[in-house]
Amino acid sequence: MQARHILIVDDEDDIREIASLTLELTQGWEVNKASSGREAIDKALTLKPDAILLDVMMPEMDGPSTFRLLQADARTSSIPVIFLTAKVQAADKRGFLQLGVCGVIAKPFDPLTLAAEIAERLSWS
Amino acid sequence: MRAKSIQRKLQGMIMLTSSIVLLLACAAFVVVDLAGARYTLNRDLLSLAEIIGANSTAPLTFGDREAASEVLEALESKPSIIAAAIYANSGPPLATYGAVNQQMQGSTLFGFMSRIEVALEIVLDGEKIGTVYIASDLRDFMTHLRQQAVLAVGILFAALLMAYLLASRLQRLISQPILELATVAAKVRSQKDYSIRVLLPDSKAAADELTELVTGFNQMLTEIEQRDEELSRHRDDLEHQVDVRTAELRSTNTKLADAKVVAESVAELNAELSRQRQMILDAAGEGIMGVDGAGIVTFINTTGAEILRRPAEQLVGGSLHAGLHSKELASVDCPMCEIKRTGNRSAQTTCSVRIDSSTIPIEYIATPMIESEGWRSGGVVMFRDITERLAIERMKDEFVSTVSHELRTPLTSIRGALGLLGSGLIGTVEERAKRMLDIAISNTDRLVRLINDILDLERIESGKVELNKTDVNVAEVMEEAVLVVQAIADAAGVAIVLEKVDATASLDRDRIVQTLTNLLGNAIKFSPRGTNVRLSGSVDQLNLTFRIRDEGRGVPVDQLDTIFERFKQVDASDSRDKGGSGLGLPICRSIVAAHGGRIWAESVEGQGSAFSFTLPRSAGVTAPSESPRTVVIWSENRDMNPISELLQERGFTPVIIESLSDLMEAVLTRRPDAVVLDLLSASDPRWRFVEALKRNEETETVPIIVASSQPEVLLGRYVDLIARWIPSPFNERELVDAVSTVSGSINVLVIEDDLDLAGVITAGLQARGIHTVHAMTGREAIEACQREIPMLVVLDLVLPELDGFEVVEWMRTNRALSSVPLLVFSAREVSGSEQERLRLGPTDFLIKSRVSLDEFADTVMKLLNAVNPAREIKNAS
């Protein structure tokens with residue numbers, strides 16, 4: 001798998017850390033972290049990651065709002081977004097997909113397969 | 001009395017007449033006799049006087065007195081001569097006899113009635129010489145007179161007696177019949193007996209006026225009798241009639257009285273019933289409302305009025321739609337309208353109801369009131385305010401969702417940390433520590449599954465999860481489930497034997513796969529190494545049944561029913577513990593129940609168990625290859641060939657009928673997916689064929705397309721009967737599009753390997769009335785195209801087996817498929833050269849992360865309409 005640049009957005013420090021460590025350790029991907037939607041938008045603009053792993057439930061600005069703002073900006077609208085969420089019901093998932101995200105990955109995730117899941121959602125090979 | 005009087009009168013008359021006649025006769029006789037006697041007496045005296053005169057001539061001549069006296073003395077022999085005298089011309093009487101008194105002189109001869117006197121001149125030689133005077137008394141005369149009188153009286157009496165006897169006899173001749181008449185008349189009068197007749201007098205007396213009178217009287221009586229008889233007959237008749245009528249009247253009266261009693265009791269009963277009905281209605285904790293066929297509220301109970309916060313009087317008589325429906329609920333979605341159309345009790349439905357400016361959520365069930373012949377006169381709606389319940393549910397949902405999230409977040413960290421540690425990526429882990437980490441990881445996974453299952457069960461059981469039903473191939477579902485558990489089976493050394501069933505059913509694919517996976521997983525769990533787990537299926541017209549059999553130790557009989565309850569695991573001491581949540585079977589049961597199916601377990605302890613569930617296959621869902629869509633068409637003057645060809649090209653079987661009288665039979669035998677009729681206007685009598693189809697229970701659901709020259713709005717009541725209207729004359733394409741729409745065959749083939757995304761797309765398109773067929777792989781897509789030509793293809797490029805490009809390449813080789821609209825829906829940008837390779841009919845490209853579902857659906861609509869500009873595919877809702 002070729003090296004990728006991922007932005008991980010989660011308000012939980014632990015999860016942020018584990019997810020980034022996982023991707024770095026298993027795939028050697030370059031990972032940046034953001035702890036809020038606001039920060040995520042800023043970093044997306046400056047860092048131009050290949051994909052954004054976005055938590056849904058965050059204080060202040062949640063995942064969907066963040067996603068909409070990213071979509072509204074032409075500079076970030078082409079960056080694929082995957083939701084990382086504890087909301088795993090099919091209806092929730094369908095709702096997220098209707099927003100136009102590329103995929104949904106459920107929490108808790110298995111660190112060993114996270115990269116593969118991301119790659120599958122984004123049709124990376 | 002009168003009888004006597006007439007007898008007397010007659011007798012009197014006869015006697016009077018006879019008496020007068022006799023008296024007159026006697027008197028005449030006496031007078032004549034007396035006159036005769038006097039004349040004789042007078043003549044005797046004159047003779048005597050002449051004799052005396054002759055004898056006295058000498059004495060007178062000689063004056064011899066003595067001789068004269070002597071002559072007179074001879075008179076002594078005649079005692080009646082009382083006096084006699086002989087007179088000379090002069091002087092004293094020559095001789096006298098008896099008492100000649102003075103009276104003689106000067107007196108007339110017959111002047112004195114007591115005696116008769118005669119004076120006769122004595123003539124000698126013509127010379128008067130003297131006068132003889134003789135006076136006689138009436139002694140003889142009187143004697144004679146007396147004799148005569150006695151005789152006369154005797155004769156008179158004898159004659160009268162005679163007359164009386166005769167009269168009293170003869171008067172009967174007259175009086176008898178009259179009396180008889182009178183008697184009979186009196187009798188008739190007194191006895192009212194008109195049969196009495198007057199006896200006719202003897203025949204010899206016949207033919208006089210009396211006989212005529214009697215005859216006439218009798219005839220009159222006869223006539224009267226006849227009249228009387230007639231009258232009495234008539235009267236009897238009349239009486240009979242009156243009797244009959246009276247009897248009738250009486251019985252009618254009785255009946256009327258009975259009916260009145262019945263009516264009164266019925267009315268009482270009615271009043272009682274309606275009072276009870278009202279009581280029951282008002283006692284109900286739910287709102288109950290009656291709605292007639294026109295959607296007018298006919299009654300509502302107190303609770304209902306309270307829920308709607310309007311007085312009942314204000315609601316009754318008003319329209320259900322106008323008064324209650326909120327704007328977002330169009331009347332097409334109204335369950336009331338639905339039951340009117342289908343005649344079935346509606347499912348429990350929630351909707352919001354307008355109260356003043358706000359709305360409240362209510363839940364209701366509508367039940368049709370079916371009259372004779374399936375005619376639906378309206379329905380009864382039971383409803384309740386679910387504001388509170390919704391609030392509680394919302395709170396519970398929030399709680400569950402929060403808990404789930406709050407639990408999941410730390411679990412994510414734990415699971416991630418353990419996973420990383422266990423992987424050895426962070427640092428080498430000692431074997432025993434690695435073993436501990438694996439235990440921690442598998443139990444974390446179990447905890448996650450438990451949380452997932454709890455949430456799942458909660459969702460399904462509360463009805464929160466709507467089934468995403470699509471027509472799916474049952475064999476595929478079975479294969480997918482087997483694929484999911486294959487790894488577990490392999491690890492357990494258990495072989496899965498799949499007996500596929502090739503059929504189509506309408507079900508929520510994911511949920512059924514989940515159910516099968518659950519049951520297969522359980523079976524594997526309890527199967528000893530080296531045994532088989534068998535998954536089989538069977539279908540009939542209505543139901544689809546799955547069966548999962550293992551060769552394990554089986555389920556104890558006493559637990560067969562309870563194993564579907566939550567956390568009720570079979571004692572699994574000897575089973576390989578896979579960390580089940582204890583919620584697998586309850587979830588299966590909930591999913592099956594949500595499909596309207598049934599799940600059960602059978603077991604022979606020691607020989608294994610079998611879990612089966614049966615699901616209804618939705619009506620009319622059959623594989624297209626088995627029964628192509630049929631359309632019955634009738635048009636009076638259209639050339640059917642091009643229409644027929646086009647329909648066949650679109651996968652329909654056209655059935656063209658010559659006459660509308662064949663319509664019913666054609667529909668009953670061919671069971672078409674649509675009927676197309678070319679009619680003129682609302683006044684066309686042939687609408688009755690449409691009505692006939694709608695009246696028949698077997699044919700009423702067949703959608704009817706009517707082409708007419710009159711605009712749809714002018715068709716009046718017929719509009720409700722037809723599924724779609726197209727203008728006449730129509731072109732072939734309009735017709736075929738209409739047929740496609742009403743027969744549910746606007747089918748879009750969605751080729752997408754991500755099940756979730758496919759589900760989203762399917763739901764989004766179904767919301768717009770578009771039927772979808774889903775293909776997971778390129779090969780499945782080609783198979784689907786072979787079954788039925790899609791009207792549009794949604795294509796993902798990266799697919800297992802044949803990819804998107806290969807699918808398009810294949811489609812291009814088929815004439816019918818090469819012009820199908822295509823929507824490429826890929827995760828990445830498609831380059832210009834790639835776009836060239838992907839062209840079919842009108843083609844558009846969308847990138848997955850860039851569009852919302854609405855934009856996606858809009859594009860689908862645009863492409864469909866680009867092919868068929870004549871039609872606007874409208875949203876079904």
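Predicted model: local features only at pLDDT ≥ 70, side-chain atom pairs only at ≥ 80, totals over all residues.
Why does B:I656 count as partly exposed?

Residues are numbered from 1 along each chain as its sequence is written, while chains are lettered from A and ligands numbered from 1 in the order in which they are written.

To return to the question: B:I656 counts as partly exposed because it has 17 C-beta neighbours inside 10 Å. By the definition used, a residue is buried if 20 or more other C-beta atoms lie within 10 Å of its own, exposed if 12 or fewer, and partly exposed in between, with C-beta atoms placed from the backbone. B:I656 belongs to strand β18 of chain B, residues 652–656. Helices (H or I, at least four residues) and strands (E, at least two) are DSSP runs, numbered from the N terminus. Leaving aside residues up to four places away in sequence, B:I656 touches B:I633, B:M640 and B:S644; contact requires C-beta atoms, placed from the backbone, within 7 Å. Its C-alpha atom is separated by 8.2 Å from that of B:V631, which is 25 residues apart along the chain.

Next, a sheet in chain B. Five strands form an open sheet with mixed pairing, in the order β11-β13-β14-β16-β15; two strands pair if DSSP finds at least two bridges between them. At the edges are β11 (495–499) and β15 (598–604) of chain B, each pairing on one side only. Neighbouring strands of this sheet are turned by 15° against each other on average, direction ignored. Axes here are lines fitted to C-alpha atoms, for helices over the stretch in contact, and angles run from 0 to 180 degrees between N-to-C directions. Helix α13 of chain B, residues 509–525, packs on the sheet and touches β13, β14 and β16 of chain B; its direction makes about 145° with that of β13(B). The pairing of β11(B) with β13(B) (residues 532–539) is parallel, over five bridges, and B:V497 stands opposite B:R534 in β13(B).

Chain A has five helices and five strands, which run β-α-β-α-β-α-β-α-β-α from the N terminus on. Of its 125 residues, 47% are buried.

Finally, the interface: 34 residues of chain B are in contact with 34 residues of chain A. On the chain B side, α10(B) gives the largest share, 13 residues.

Definitions and conventions: Contact = placed C-beta atoms within 7 Å.
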